[in-house]
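Student: Could we go through this model feature by feature, taking the general idea before the particular case each time? I would like to begin with pairs of charged side chains.

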Amino acid sequence: MLDSAFQRLVNKLTDHQHTFFFILLCSCVFPVIGAESVVIPVPDYRPPETVQRVVVPAVPSDTASRVLIVTGESSYEHDWTGVNTRLRSLMLETGMLDVRVIEDPRVLTLAMLNRYDAVFVNYLGRWNYTDAQEARWGSVAEQALFDYAKNGGGVVLYHASLNMGSPGWPEFEQLAGGTMRPHQGSRRSPPDAFLVNITDHEHPVTQDMRDYVWTMNDDMYTNMYWHPNAKIRVLATAYDDPALYSQTIAGPKYPAHLYTPEKLAAMQAMAADNPQVWTVEYGKGRVFCIALGHGPDTLLHDGVKSLILRGTQWAATGSVTIPLGAKARAFNQ
């Protein structure tokens with residue numbers, strides 16, 4: 001039993017001092033435990049979240065295209081809330097796109113979607129890309145998206161949303177044209193920064209762009225599944241270089257035994273140009289698909305930003321008036 005003087009000392013300690021005192025006391029009373037027995041608790045993981053100012057909505061304008069961002073979930077690597085804020089800011093700053101955001105796709109109806117000129121999908125219903133179960137929207141909301149596009153609505157499918165559909169949502173895979181199927185060989189190339197090759201300069205979105213633009217802190221989607229019935233037009237590609245899978249470059253996320261020279265040589269779409277930006281004809285609708293755009297910082301680079309903004313306007317209107325960023329423009333201008 002503690003004597004009164006010692007008790008008074010303990011009572012004066014703060015919470016943090018109590019904790020330190022308890023640890024010190026235990027180290028004196030109990031035998032030392034081997035390091036292999038110590039269990040360090042792992043906190044619940046929370047995706048990184050970028051704090052940004054939320055822009056004030058633009059003055060209502062009959063000339064601005066109405067865009068609905070459909071969001072609410074994504075895989076654990078993605079700061080989807082920060083991306084939505086950045087997207088909304090960039091779109092409003094053009095003066096040509098008016099934006100709303102909805103974080104529960106299950107409430108979508110065709111009547112709701114018909115209020116907008118373009119639906120921008122930034123959603124993935126899997127915590128891990130390889131999760132077997134996908135958080136779907138429900139039959140009413142899903143059919144509303146397909147009917148909206150078939151009837152002439154514009155759709156933008158953005159980055160992680162191209163991991164939706166496989167294997168139980170074939171209509172979405174046709175809408176997207178290309179989707180990731182990680183259980184069937186689709187992969188992410190190691191580099192976090194890579195060149196994007198603009199291969200089609202005739203399309204309104206990419207007209208007058210440089211041949212190459214950079215993307216940073218991004219994912220290169222490779223060996224995607226391409227729906228045989230989709231009418232696809234590729235606008236930009238990126239090269240999946242087998243040399244970048246070496247341990248000195250790729251790091252521990254790409255175990256050496258899985259990426260030996262023999263296995264790399266057998267992988268489809270390796271040492272090849274893989275589509276990163278494309279369009280799809282779906283009924284009367286225009287679908288713009290962009291695999292680029294991992295996080296809010298990625299959207300600040302002129303090439304990626306220009307593609308997203310101009311692609312969204314094209315999906316909404318069929319034409320493009322949003323100017324290219326300075327570092328996205330061709331040198332001969």
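Student: At what N to O distance do the side chains of Arg 100 and Asp 98 meet in a salt bridge?

Tutor: Side chains of opposite charge can pair when their charged atoms come close. A salt bridge here is a side-chain nitrogen of Lys or Arg within 4 Å of a carboxyl oxygen of Asp or Glu, and the side chains of Arg 100 and Asp 98 meet in one at 3.1 Å, N to O. Please keep in mind that this is a predicted model, in which local features need pLDDT of at least 70 and side-chain atom pairs count only at pLDDT 80 or more, while totals for chains, interfaces and linings use all residues. Residues are numbered from 1 along each chain as its sequence is written, and side-chain values use heavy atoms, with hydrogens and water left out.

Student: Why does Arg 100 count as partly exposed?

Tutor: The classes rest on relative accessible area, with buried meaning under 20%, exposed over 50%, and partly exposed in between (1.4 Å probe, protein chains only). Arg 100 has a relative accessible area of 41%, and is therefore partly exposed.

Student: How many salt bridges does a search of the whole structure find, and are Glu 134 and Arg 126 buried or exposed?

Tutor: The search finds ten salt bridges. One of them joins the side chains of Glu 134 and Arg 126 at 3.6 Å, N to O, and both of these residues are buried. Another links Arg 181 to Glu 173 at 2.8 Å, N to O, and here too both partners are buried.

Student: Where does His 159 lie, and what is its phi?

Tutor: His 159 lies in the loop between β4 (154-158) and α6 (170-176), where helices (H or I, at least four residues) and strands (E, at least two) are DSSP runs, numbered from the N terminus. Its phi is near 45°, a positive value in a residue other than glycine. With a relative accessible area of 1%, His 159 is buried. Asp 208, in the loop between β7 (194-198) and β8, also has a positive phi, near 70°, but at 42% relative accessibility Asp 208 counts as partly exposed.

Student: Which residues lie nearest the centre of the largest pocket?

Tutor: The largest pocket, with a volume of about 370 Å³, is lined by 13 residues, of which Tyr 129, Thr 130, Arg 188, Lys 253 and Tyr 254 lie nearest its centre. That lining divides into five nonpolar, four polar and four charged residues. The second largest pocket, of about 250 Å³, is also lined by 13 residues, with Pro 190, Asp 192, Asp 218, Asp 219 and Lys 253 nearest its centre, and its lining has four nonpolar, three polar and six charged residues.

Student: Which residues form a nonpolar patch on the surface?

Tutor: Patches are made of residues with over 30% relative accessible area and no salt bridge, like charges being joined within 9 Å and nonpolar side chains (Val, Leu, Ile, Met, Phe, Trp, Tyr) within 5 Å; accessible areas come from the Shrake-Rupley method with a 1.4 Å probe, and for residues only the protein chains shown count as cover. Here Leu 195, Tyr 212 and Trp 214 form such a patch, with about 310 Å² of accessible area together. Tyr 212 lies in strand β8 (residues 212-215) and counts as partly exposed, at 42% relative accessibility.

Notes. On a 1 Å grid over the protein atoms alone, a cavity is a set of points where a 1.4 Å probe fits but cannot get out, and a pocket is an open set with protein on both sides within 12 Å along at least five of seven lines; lining residues have an atom within 4 Å of a point. Grid points are joined across faces, edges and corners, and a volume is the space filled by probe spheres set on the points. Ala, Val, Leu, Ile, Met, Phe, Trp, Tyr, Cys and Pro count as nonpolar, Asp, Glu, Lys and Arg as charged, and the others, Gly among them, as polar.
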